Amino acid sequence: MGIMDQYIGKLNSLRFNNMFQNDFFETWTKTRDELEAVFTVAEALKELRVNNISTKVFDSGLGISLFRDNSTRTRFSFASACNLLGLEVQDLDEGKSQIAHGETVRETANMISFMADVIGIRDDMYIGQGNKYMRDVAQFVKEGNADGVLEQRPTLVDLQCDIDHPTQCMADALHLINHFGGIENLRGKKIAMTWAYSPSYGKPLSVPQGIIGLMTRFGMDVVLAHPKGYEVMPEVEEIAARNAKESGGTYKRVNSMEEAFENADIVYPKSWASFASMEARTKLYVNKDQEGINKLSKEMVEENGKHIKGWQCTEEMMKRTKNGSALYLHCLPADITGLSCDQGEVDESVFERYRDPLYKEASWKPYIIAAMIFLAKLRNPQEVLAALERKGIKRVLDSNCCCCK
Amino acid sequence: MGIMDQYIGKLNSLRFNNMFQNDFFETWTKTRDELEAVFTVAEALKELRVNNISTKVFDSGLGISLFRDNSTRTRFSFASACNLLGLEVQDLDEGKSQIAHGETVRETANMISFMADVIGIRDDMYIGQGNKYMRDVAQFVKEGNADGVLEQRPTLVDLQCDIDHPTQCMADALHLINHFGGIENLRGKKIAMTWAYSPSYGKPLSVPQGIIGLMTRFGMDVVLAHPKGYEVMPEVEEIAARNAKESGGTYKRVNSMEEAFENADIVYPKSWASFASMEARTKLYVNKDQEGINKLSKEMVEENGKHIKGWQCTEEMMKRTKNGSALYLHCLPADITGLSCDQGEVDESVFERYRDPLYKEASWKPYIIAAMIFLAKLRNPQEVLAALERKGIKRVLDSNCCCCK
Amino acid sequence: MGIMDQYIGKLNSLRFNNMFQNDFFETWTKTRDELEAVFTVAEALKELRVNNISTKVFDSGLGISLFRDNSTRTRFSFASACNLLGLEVQDLDEGKSQIAHGETVRETANMISFMADVIGIRDDMYIGQGNKYMRDVAQFVKEGNADGVLEQRPTLVDLQCDIDHPTQCMADALHLINHFGGIENLRGKKIAMTWAYSPSYGKPLSVPQGIIGLMTRFGMDVVLAHPKGYEVMPEVEEIAARNAKESGGTYKRVNSMEEAFENADIVYPKSWASFASMEARTKLYVNKDQEGINKLSKEMVEENGKHIKGWQCTEEMMKRTKNGSALYLHCLPADITGLSCDQGEVDESVFERYRDPLYKEASWKPYIIAAMIFLAKLRNPQEVLAALERKGIKRVLDSNCCCCK
């Protein structure tokens, strides 16, 4: 009996054929089966790697990345995912390109994709812009492939946009699945997605939106809390409400961190910018008013400052959660009181207590991204997983490997 | 019968043994057979890839790139070509290097080449500089190999210099060969290489020079047109005239876009800077007068402005070509009237009509670069093509691949 | 009999099991056997490559680099070493990361390491900082692996810190071993590590410190010479003295280049900054006083200027060495009188005469780095070397390779 059997068996029970030759945008545009296929492949790839078995399904090919916002962990997660599958990362650095010289998005998308199997984009700072841009790119390369310009259709993976952060939230969910011992055990668990005070900068809305949009798929009791003015996009709240209804969970919004944390199994306290300032920032961006953006950025931090009280994940606050020991989540980096700032999202003692689980939460992201690519590019994932195990090429050569590679 | 047979047969009919362990600079320093070998290998590599057969001939090794001018498509074409053959790209970013601290070109060339199989350089903005620099680098690593410093001799591929743009023009030519159904069908075709108005910046001369230097090899009727002052290098015109004579074609210069377009089968309207301003820029560069360069750059655009009339590829202008439907070429990105600028090189409707062919034209560049490397690094290209097909390693793993890689 | 036999035999005679799953910091924290194991594996890897046999021991995996100082040769050496072994380089560019947004070193170290087999860091400009930072990173990823966050423990390779420059000095030593025909022939040879005048910038102390710390391991007569004020770290001098005693060599400090060069077999004249200015720079760095650093940098060069006389490796100076023909070493780039500056570390004629040996000296660095990784990541290096030869995968495909890869 092989180590891939349970994963292949699980995949056989799911319908996900629409994922082949497709992209990965918001989680709510994927079926529950498709999400489970991602979790399953992510765990299968990890199992192979832990057993020193190569997961390279590409002999050559490029993974293109485009980061329109600074990034460490997502950049390295994407690079790790590509490397895991055999793709070489090529970063599209807009500063080094001729984009300023009048290349259109359609043209650039095709020109970088002649050998590209995947394109990963992060574009999260401007409401109404990032997701749209990614969908344009995906559409252009789909047409490029249909028109015979591109030999393959690169799959687009949303590495964070203005609406969702699917690779982050799927990694968060797989962390919960592992922590609670199965996806069925998430049913009825209370998760508090709450705003938290930050002195650093005006952060995107994609994490809270992604969390309420995804966690409501699993029958959880999802609670969103934030100060007045820090609403998320109403469309996403509607999706969360509908998801909850369909999955047998609940979704509600409350007005304080205290109420949200009350008896919660999981808490996700995290800062984001106010909706009005996000909209203002987009207008300035469209008008290319960088000075205005800089000025607004300062105001955003000042605006946060009105909500220092009651919006920090302190030890006191944690005591309100179930048995005082809810699982603490964060997408990292966090603003840690007494470590990275005077007052921030979370007390240092709370953060320190959950550091190991937080790092493990993050460690799923490369596998989630790899699974998204795997399912988009391979017609029969089950057979390929079986083939990888059967071939058993060592990731790191050892002395037992002599007669075959 | 294998899919490589026709390509191997063609290669067997050509003499190209001088390409082994050699570089690729101007097309006119290569024989007609050598150019055809590049076209043949480029098509063979594409055929393998389309059939999902790996074209990796390097198990490890580096492809070094050095871009002294912004670049998207050439950067990605070089990266794609290297990846296709199994080389990892390492970019020499002069800003991050110690070059400012007094490294000589000889030293740097050797220091970056210990594991380098190919070096690709773009250095196109200064007349008399770029090509010379590349030839220096090529000479230094050749000596480094001869002296036992380098275990291999890296092949140098000119990714655009002040004199020629061989990877672009060879891709353009292979596009024409495919469009017209064979290299023999280029004979007698009229191609108009013309200046066009651009409001963006002072562009290098290497494309018009490369086109008249290459297309005259195939018995074509090559016409160059530009406003007074926008002459290309006289040495290259001499080469074009000689080529035309030898190949049974013609080369001539005319004074208007109208005349050049008249009954043309192919048009290549594209902006470049005036010769005097290019020379002035080089002097400023040698004197490290960046302020002077910035000032001159503005003047170059103003100078272009004197020739707005009559130098745009409009629908009216296209009607003059053969049956009003000449094939439109461009190296991209183009300055498109109404899209990227108020008035530019080409009408939006013309550009849009030819978008698919233009993208396909560009799609040959990775294969052209890969073919140049292939022919420079492999002693017996025919046998290696046969071996690649016989081994049949899948580029993307599929379920049929289980007992062998 | 195989080409790996002599290397495997040598390794069998050495004890180096502590290197597995370990890091490479200062050479003096490694045993003599461990140093010899690095030399042996470096030569074995070169032998395989020269014979066109693949040395890829990783099927996938990342090599992370972090350069806090400009670099060409070390950057490319690290990239070459990783490529040689099958690892893809991913550069942590602190400018593009979120590090400014409050990531801790522990967090960043783990977040970039999910698929990392090696981390190479250069951080050499601030006394008391660079080595400490690297040790922190190494400790954090070791804990990350122990805590189940990382599936492997990335090995840390010191690519130059404030204390040592082990990859440079080990490459220098392997160059000497090859030049003099064996490590045993280094015994009794006199090597002069001397300060030399430079007009360029305040260079780190790690090369002179690394050289006196390493060359005293081999029974050599090691002499250090520098102007007053240009002392190296006293701890390292103590180590050098102890090493010399243990190895049967000598270590002493003299006050002039003339005295140091007298009858020397090997000379290593090279500039570095005065100790007081290095300490001052560190204080400014800790206080984030960039303006102060810039001002100090100018003063450092002025301070150097007081010692132009008597501290240049001229032809006259070289005549003092054994038979006037000591082997000249330099880590490159050198400040060459009449070439890169008016007056500098070395006469152009001296440098030119030794250019080939200098380039060969540098050519060992990729192999030294690869050997450090090899010994840290593979449990049984001898068996893996044997397996690589037995499998005999071609680095560059040729026509003889058809039935197997």
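Trainee: What should I know before I start reading the residue numbers and chain letters?

Mentor: Residues count from 1 along each chain as its sequence is written, while chains are lettered from A and ligands numbered from 1 in the order in which they are written. This is a predicted model, where local features need pLDDT of at least 70, side-chain atom pairs count only at pLDDT 80 or more, and totals for chains, interfaces and linings use all residues.

Trainee: What is the mean pLDDT of chain A?

Mentor: First the idea: pLDDT is the predictor's confidence in each residue, from 0 to 100. For chain A the mean is 94, and 96% of its residues reach 70 or more. Residues 401-405 of chain A are another story, with pLDDT below 50. Beyond near neighbours in sequence, that stretch has nine contacts in the model (two residues are in contact if their C-beta atoms, placed from the backbone, lie within 7 Å). Where pLDDT is low, the predicted coordinates should not be read in detail. The model also scores ipTM 0.94 and pTM 0.96.

Trainee: In what order do the strands of the open sheet in chain A come?

Mentor: Two terms to begin with. Helices (H or I, at least four residues) and strands (E, at least two) are DSSP runs, numbered from the N terminus. Two strands pair if DSSP finds at least two bridges between them. In chain A, five strands make an open sheet, ordered β7-β6-β5-β8-β9, and the pairing is parallel. The edges are β7 (250-254) and β9 (327-328) of chain A, each with a single partner strand, so one side of each has no neighbour in the sheet.

Trainee: How many bridges join β6 to β7 in chain A?

Mentor: Five bridges link β6(A), residues 221-225, to β7(A), and the two run parallel. Look at A:V222, which stands opposite A:Y251 in β7(A). Helix α8 of chain A (residues 234-247) packs on the sheet, touching β6 and β7 of chain A, and its direction makes about 140 degrees with that of β7(A).

Trainee: Which strands stand at the edges of the sheet in chain C?

Mentor: Chain C has five strands in an open sheet, in the order β7-β6-β5-β8-β9, with parallel pairing. There β7 (250-254) and β9 (327-328) of chain C stand at the edges, each with a single partner strand, so one side of each lacks a neighbour in the sheet. Two bridges join β8(C), residues 266-270, to β9(C), which run parallel. C:I266 sits opposite C:L327 in β9(C).

Trainee: At what angle do helices α7 and α8 of chain C cross?

Mentor: Two packed helices are described by the angle between their axes and the distance between the axes. Axes are lines fitted to C-alpha atoms, for helices over the stretch in contact, and angles run from 0 to 180 degrees between N-to-C directions. In chain C, the axes of α7 (206-215) and α8 (234-247) come within 7 Å and cross at roughly 20 degrees. Therefore α7(C) and α8(C) are roughly parallel to each other (angles under 35 degrees count as roughly parallel, over 145 as roughly antiparallel, 65 to 115 as roughly perpendicular and the rest as oblique). Their crossing is left-handed, that is, the near helix is turned anticlockwise from the far one by less than a right angle, while clockwise is right-handed. On the α7(C) side C:Q209, C:I212 and C:G213 meet residues of α8(C), including C:V236 and C:N243.

Trainee: How far apart are the axes of α6 and α15 in chain A?

Mentor: They are 9 Å apart, and α6(A), residues 166-180, packs against α15(A), residues 365-377, at about 115 degrees. That makes α6(A) roughly perpendicular to α15(A). The crossing is right-handed. Among the residues making the contact are A:M170 and A:L174 of α6(A) and A:I368 of α15(A).

Trainee: How many residues of chain A and chain C take part in their contact?

Mentor: Chain A brings 37 residues and chain C brings 36. On the chain A side, α2 (32-50), α3 (73-85) and α14 (355-363) each supply at least two residues, and α3(A) gives the most, with six.

Trainee: Where does A:P333 lie?

Mentor: A:P333 is in the loop between β9 and β10 (336-337) of chain A. The peptide bond from A:L332 to A:P333 is cis, with omega near -5 degrees.
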